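Dear colleague,

I am handing over the structure below, together with some notes on what was found in it. Please read the notes with the structure open beside them.

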Amino acid sequence: MTHPSAWLAVRPEGLYCIPGDFFIDPLRPVGRAVITHAHSDHARAGHGAVLATAETIALMRTRMGAGLEGTQLQALAPGEDMRLNGANIKLVPAGHVLGSAQVVIEHEGARVVVSGDYKRAADPTCAPFEPVACDVFITEATFGLPVFTHPPAGQEAGKLLESLRMFPERAHLVGCYALGKTQRLIGVLRGLGYDAPIYLHGALIPVCDTYERLGVRLGALLPATGAAPAEMAGRIVLAPPSALADRWSRRLPDPLTALASGWMRVRQRAKARGVELPLVISDHADWPELLRTFDDVGAPEIWVTHGEEQALIHAATQRGLTGRALRLIGYGEAAEEEAA
Ligand SMILES: [Zn+2]
Ligand SMILES: [Zn+2]
């Protein structure tokens with residue numbers, strides 16, 4: 001076997017497969033990109049050609065529109081093998097958002113799995129993460145500290161429903177990212193039997209429509225803009241986190257502010273943002289999930305793309321694995337929010 005460090009390189013544009021002549025989630029425009037999912041820090045504009053799942057391509061079209069002009073888009077079904085120049089690749093579900101995939105690359109007897117963003121917790125709106133045995137596992141480490149343990153999403157969504165019962169006259173304004181978090185929260189609430197209409201900030205509507213079109217049922221959704229304020233009393237209103245504090249929210253009846261994010265595990269963050277009801281709901285693996293995944297894929301080597309790499313590499317080393325920090329700059333939830 002030829003060791004992957006001989007054919008996978010970190011370049012200014014991002015992670016590059018030399019025999020395949022493609023980049024994975026490149027940060028700058030390149031000739032050929034393989035895209036793990038449609039979050040804006042991973043799916044950027046200006047590439048010559050993009051290979052991704054059909055769902056990711058549909059979501060990229062929704063979010064980027066004219067930004068995809070001049071880019072040749074090619075869909076690859078999950079689990080299907082494909083030869084790309086001198087490498088074999090396959091996309092396997094990552095459980096992060098609809099369409100999200102790990103990229104499995106094989107070359108000269110070695111197999112590398114690039115996880116992209118992923119989680120192991122259940123999500124009614126996307127296919128679950130599938131562990132693939134490999135020689136090198138390339139992981140994110142957004143929540144790569146032992147303090148980050150995410151409770152079950154149903155438990156957190158239950159807090160929101162409990163608050164609605166306690167304060168039936170208040171609009172419950174929940175900040176959540178447009179792609180993934182919004183639909184998962186809706187799906188979890190529906191799973192708990194909540195079937196009232198859910199009101200949406202305009203920025204969240206196009207992605208919800210695309211999820212519906214791709215077969216994910218979200219129940220009754222109504223635009224918050226144009227709805228009479230009194231109508232939203234005692235209802236759930238979803239908006240991007242950036243809209244929580246702005247003028248938009250002031251027309252809601254006595255709004256109670258919640259925010260759905262893995263960062264809500266850190267109390268100071270919730271306080272700093274004026275969040276009354278922090279909901280710890282994350283679409284990234286927490287600390288135990290990261291370590292469980294190392295066990296499941298059985299890779300002797302772990303490479304970390306971004307996040308809390310020091311702690312995670314230390315933990316990998318303690319398990320007898322070799323760890324390496326790739327220090328790719330430009331990924332992260334903040335980048336997702338800014339662009340959304
Ligand atoms: Zn993501
Ligand atoms: Zn990301």
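Which residue follows H1, and is its phi positive or negative? The residue after H1 is Gly65, and its phi is positive, near 45 degrees. Please keep in mind while reading that this is a predicted model.

To stay with that helix for a moment, H1 spans residues 54-64, and its buried residues are Thr56, Ile57, Ala58, Leu59, Met60 and Met64. These buried residues pack against S5, against strand S6 (72-75) and against helix H4 (205-213).

The metal site comes next. The zinc ion (ligand 2) is coordinated by Asp41 through OD, by His42 through NE2 and by Asp117 through OD, at 2.1 to 2.7 Å, and along the chain these donors follow the spacing D-H-x74-D. Asp41 lies in the loop between strand S4 (32-34) and strand S5 (49-52), while Asp117 lies in the loop between strand S10 (110-114) and strand S11 (136-141), so the pair ties together parts that are 76 residues apart in sequence. Asp41 is buried, with a relative accessible area of 1%, and Asp117 is buried as well, with a relative accessible area of 2%.

Two further helices, H2 (residues 153-166) and H3 (residues 181-191), pack with their axes 9 Å apart and at an angle of about 75 degrees; H2 and H3 are therefore roughly perpendicular to each other. On the H2 side the contact is made by Ala153, Gly154, Ala157, Leu160 and Leu161, and on the H3 side by Arg184, Leu185, Val188 and Leu189.

Finally, in helix H7 (residues 309-318), the residues Glu309, Leu312, Ile313, Ala315 and Ala316 are buried. They cover an arc of only 160 degrees around the axis, and they therefore sit on the same side of H7. The buried residues of H7 pack against S11, helix H6 (287-297), strand S18 (301-307) and strand S19 (322-325), whereas the face turned away from the buried side carries the exposed residues Gln310 and Gln318. H7 is followed by Gly320, whose phi is positive, near 85 degrees.

Notes: Residues numbered from 1 in each chain as written. Chains lettered and ligands numbered in written order. Predicted model: local features only at pLDDT ≥ 70, side-chain atom pairs only at ≥ 80, totals over all residues. Heavy atoms only, no water. Axes fitted to C-alpha atoms, helices over the stretch in contact; angles between N-to-C directions. Helix = DSSP H or I, 4+ residues; strand = E, 2+ residues; numbered from the N terminus. Parallel < 35°, antiparallel > 145°, perpendicular 65-115°, else oblique. Contact = heavy atoms within 4.5 Å. Donors = N, O, S within 2.8 Å, 3.2 Å for Na, K, Ca; no water. Buried < 20%, exposed > 50% of the residue type's maximum accessible area, 1.4 Å probe, protein only. Arc of directions from axis to C-beta.
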